[in-house]
Amino acid sequence: MPTCGDGVIEGGEACDDGNTDAGDGCSATCAIEAGYTCTGAPSTCADIDECAAGTDNCDTNATCANTPGSFT
């Protein structure tokens with residue numbers, strides 16, 4: 001049976017960073033959180049810079065600022 005937080009990706013886990021902390025890219029249920037990309041086992045998650053990638057929905061007259069997992 002898969003155990004989320006053990007650093008091993010198994011079963012239906014999309015990531016497993018060795019903890020069950022939310023807000024670090026890999027959720028407490030071992031799902032990749034919005035605004036992050038994760039690789040490896042244990043998983044290393046990185047914030048996606050939506051502003052640099054052009055995937056934000058900011059107005060063309062606004063200044064986009066990247067934040068962890070999101071943007072403003």
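Visitor: Which residue forms a disulfide with Cys 38, and how far apart are their sulfur atoms?

Guide: A disulfide here is a pair of cysteine sulfur atoms within 2.5 Å, and Cys 38 forms one with Cys 45, the sulfur atoms lying 2.1 Å apart. This is a predicted model, in which local features need pLDDT of at least 70 and side-chain atom pairs count only at pLDDT 80 or more, while totals for chains, interfaces and linings use all residues. Residues are numbered from 1 along each chain as its sequence is written, and side-chain values use heavy atoms, with hydrogens and water left out.

Visitor: How many disulfides does a search of the whole structure find, and what is the pairing in sequence order?

Guide: The search finds 4 disulfides, and with the bonded cysteines numbered in sequence order the pairing reads 1-4, 2-3, 5-6, 7-8.

Visitor: Is Cys 38 buried or exposed?

Guide: Buried means under 20% relative accessible area, exposed over 50%, and partly exposed in between, using a 1.4 Å probe and protein chains only. Cys 38 has 13% relative accessibility and therefore counts as buried, while Cys 51, at 22%, counts as partly exposed.

Visitor: Which cysteine sulfur is nearest to that of Cys 58?

Guide: That of Cys 64 is the nearest, 3.7 Å away, and Cys 58 is in no disulfide; Cys 58 is partly exposed, with a relative accessible area of 23%.
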